[in-house]
Amino acid sequence: MQATISIPQHWPYPRFNLEQRTQQGIILGLYYYPLGTELAEQFDDGWRYVLMPNKNSDEISYLQENQIQPLTPEELFSEITAEINFYQQQISILNRQLTVLTQGANNG
């Protein structure tokens with residue numbers, strides 16, 4: 001079952017999605033400051049995004065929509081390809097470990 005998010009009809013839709021990769025990092029969360037609220041008066045109305053620069057970081061940044069730059073299709077392709085290559089290497093290492101383990105069990 002896929003999670004759904006309901007956005008009130010009088011709010012604009014966010015420009016970015018959860019888990020979207022951007023120049024500033026991966027989007028982990030988003031929240032909205034509606035026009036006419038104290039937070040909107042203090043910080044401007046609109047969407048705010050919670051981003052993590054990379055998956056190995058414990059840093060979090062909070063940015064407005066206009067502070068976020070999407071990745072180009074080429075950058076996104078390169079990033080995803082690098083991640084696939086990393087996990088393929090990890091799978092290869094684990095497969096070799098399993099082979100050693102099963103050969104040791106058969107010889108024992």
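This is a predicted model: local features need pLDDT of at least 70, side-chain atom pairs count only at pLDDT 80 or more; totals for chains, interfaces and linings use all residues.
Now colour by secondary structure. Tyr 32 sits in strand 2 (residues 25-33), and Trp 47 sits in strand 3 (residues 46-52). The pair links distant parts of the chain, 15 residues apart.

Trp 11, Tyr 32 and Trp 47 form one aromatic cluster. How many aromatic pairs does the structure hold? Seven.

Next, pick Tyr 33 and Phe 43. These two form another tilted aromatic pair, 6.3 Å centre to centre with 40° between the planes. Tyr 33 belongs to strand 2, while Phe 43 belongs to helix 1 (residues 38-43), so the pair ties together parts 10 residues apart in sequence. Is Tyr 33 buried or exposed? Tyr 33 has a relative accessibility of 12%, so it counts as buried. Phe 43 has 42%, so it counts as partly exposed.

Finally, move to Thr 22. This residue lies in strand 1 (residues 21-22). Thr 22 is buried, because its relative accessible area is 5%, under the 20% cut-off. Draw a distance from its side chain to Gly 25: a polar side-chain atom of Thr 22 lies 2.7 Å from the backbone oxygen of Gly 25.

Then display what surrounds Thr 22. Which residues is Thr 22 in contact with, leaving aside neighbours within four places in sequence? They are Phe 16, Ile 27, Leu 51, Ile 68, Gln 69, Pro 70 and Leu 71.

How values were computed: Residues are numbered from 1 along each chain as its sequence is written. Side-chain values use heavy atoms; hydrogens and water are left out. Helices (H or I, at least four residues) and strands (E, at least two) are DSSP runs, numbered from the N terminus. Buried means under 20% relative accessible area, exposed over 50%, partly exposed in between (1.4 Å probe, protein chains only). A polar contact is a pair of N or O atoms within 3.5 Å; within protein, one must be able to donate a hydrogen and the other to accept it, and residues adjacent in sequence count only if both atoms are side-chain atoms. Contact means heavy atoms within 4.5 Å. Rings of Phe, Tyr and Trp (its six-membered ring) pair if their centres lie within 6.5 Å; planes under 30 degrees apart count as stacked, over 60 as edge-to-face and the rest as tilted.
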